[in-house]
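Open the model in your viewer and keep the selection tool at hand. The tour moves from one selection to the next.

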Amino acid sequence: MASMRLLAIIAILVQGLVIGDSQELPSFDPELAVAKVLEVAEGKVGPDVKIFNVVDFGAKPDGATTSTINFIRAFKEACNHNGRAMLVIPEGNFVVGSMLLSGPCTFQPPLMVQFAGNLLPQGSTVAAENADWITFMNFNGLFISGKGIINGQGEKKAWNSVCDGCRRQSASLKLIKLNDVLISGITSVNPKGFHMMISVCSNFVITNVNISAPDESPNTDGIHMSKTNKVRISDSIIGTGDDCVSMIHGTTNVTIENVKCGPGHGFSIGSLGHYEDEFDVFGITVRNCSLSHTENGARIKTYRNESPSKASGIIFQDLIMDNVKNPILIDQEYATIKGSVDSKVLISDVEFSNIRGTTISKIAIVLACSPTFPCQGITLKDIHLEYSGPPDHNEDTPFSSNCTNVKVNYIGEQMPPPCA
């Protein structure tokens with residue numbers, strides 16, 4: 001009976017993701033949801049849930065035998081089940097190659113994934129674009145929870161590759177065309193490219209995850225999003241070689257809170273203006289987070305390109321900076337090349353509020369906006385940053401801000417001092 005009640009609670013939580021105003025974020029309490037999902041991950045489910053264990057389909061947890069086809073077969077059986085289904089990845093080391101786990105499916109949502117094992121890549125060759133490692137695609141309702149580890153082993157070869165104009169490396173976990181997703185408890189280590197890549201999704205909760213790669217690992221974004229609506233990321237640790245969280249075109253209604261970022265390139269909106277016909281970005285809130293020894297803190301970046309779009313309704317609030325190089329940054333001259341034009345991305349209604357800590361830069365705040373589309377409605381409220389870098393040979397160099405093509409609304413304390 002307790003298990004039946006548990007499943008009923010989860011069903012209600014999932015419904016909470018899709019009911020209500022389309023502008024609202026997922027409404028359930030992430031802590032409550034995760035507590036229940038962890039019980040499911042421990043196998044505490046009722047008799048109406050059919051178990052699909054990858055080992056029963058021939059997968060070998062020996063760290064040597066390739067089990068790709070066995071994982072795919074287990075998923076397909078779960079996908080086509082007419083009822084509640086749980087895909088189980090038990091303890092052990094499983095070697096798998098590129099997998100597309102795609103619907104449409106007939107299970108009663110959500111598909112629960114009890115993830116306890118470690119996933120290792122088949123070989124260490126550099127994957128080409130779109131040959132991502134583990135892809136879930138095209139169905140509704142997915143809960144992935146457990147203490148499993150996705151180890152991309154990018155350090156073995158991918159990070160050392162050198163080429164001119166290389167396409168991106170393989171993402172460890174790709175989630176595309178999915179609705180109503182909760183990911184909890186898992187660890188991602190050393191991907192070849194992105195740790196998580198989310199695109200064309202809605203109603204997403206990521207909580208209590210641990211994402212890790214060295215600061216020198218190239219293009220290893222922690223969580224990368226595009227064309228996705230309603231996302232909550234919370235209570236997680238992200239330390240990697242690129243953006244802790246990156247939000248590009250079409251990302252809307254996102255809340256990031258209680259996330260520790262570092263090393264990495266901070267919380268980034270963009271790059272925007274990179275592709276033709278980009279969708280706008282709006283409704284982004286990053287709050288109650290800390291950043292330690294990162295390249296950037298709160299950043300918005302756009303290409304100097306012909307592609308027009310908008311980024312608006314953005315709040316960076318209650319952030320603690322620890323030796324961050326660029327704590328507050330709007331960069332509309334990102335990746336400038338010879339012959340490029342002014343950025344045509346309009347940035348408006350952005351608030352940086354209660355941002356405190358230390359920076360290694362004498363110019364701690366840079367707001368470099370487009371001369372063609374100057375930033376509008378930029379507010380800095382209660383900013384207190386202190387210089388913690390090496391002693392300056394020119395002691396007369398002021399601790400300052402740098403602003404171009406923008407009028408800033410200043411409220412409360414301002415350190416460094418406001419732009420002239």
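Start with the lining of the largest cavity, which is made up of 16 residues. Select I89, V113, L119, I134 and F136: of the lining residues, these lie nearest the cavity centre. Keep in mind that this is a predicted model.

How many cavities of 30 Å³ or more does a search of the whole structure find? It finds 1. The volume of the largest cavity is about 150 Å³.

Next, colour by element. Helix α3 and the strands β3 (84-89), β5 (99-102), β6 (111-115) and β8 each give two or more residues to the lining of the largest cavity. Which element gives the most? Pick β8, which contributes 3 residues.

Now colour the lining by class. The count for the largest cavity is 16 nonpolar, no polar and no charged residues.

**Aromatic pairs**

Switch to rings. The structure holds 7 aromatic pairs. Select F71 and F94, which form one of them. Their centres are 5.5 Å apart, with 75° between the planes. That angle makes the pair edge-to-face, because planes over 60 degrees apart count as such.

Zoom out to see what this pair links. F71 sits in helix α3 (residues 68-79) and F94 in strand β4 (residues 93-96). The two are 23 residues apart, and the pair links distant parts of the chain.

F75 belongs to helix α3, while F139 belongs to strand β8 (residues 134-145). The pair therefore ties together parts that are 64 residues apart in sequence. Both F75 and F139 are buried.

**The cluster**

Together with F75 and F139, they form one aromatic cluster.

**Last stop**

Jump to K362 and Y387. What sits over the ring of Y387? It is the charged end of K362, 5.1 Å from the ring centre. Draw that distance in the viewer to finish the tour.

Terms used: Residues numbered from 1 in each chain as written. Predicted model: local features only at pLDDT ≥ 70, side-chain atom pairs only at ≥ 80, totals over all residues. Heavy atoms only, no water. Phe/Tyr/Trp six-rings, centres within 6.5 Å; stacked < 30°, edge-to-face > 60°. Helix = DSSP H or I, 4+ residues; strand = E, 2+ residues; numbered from the N terminus. Buried < 20%, exposed > 50% of the residue type's maximum accessible area, 1.4 Å probe, protein only. Lys NZ or Arg CZ within 6 Å of the ring centre and 35° of its normal. 1 Å grid on protein atoms, 1.4 Å probe; cavity = no way out; pocket = protein on both sides within 12 Å on 5 of 7 lines; lining within 4 Å. Points joined across faces, edges and corners; volume = space filled by probe spheres on them. Nonpolar A, V, L, I, M, F, W, Y, C, P; charged D, E, K, R; others polar.
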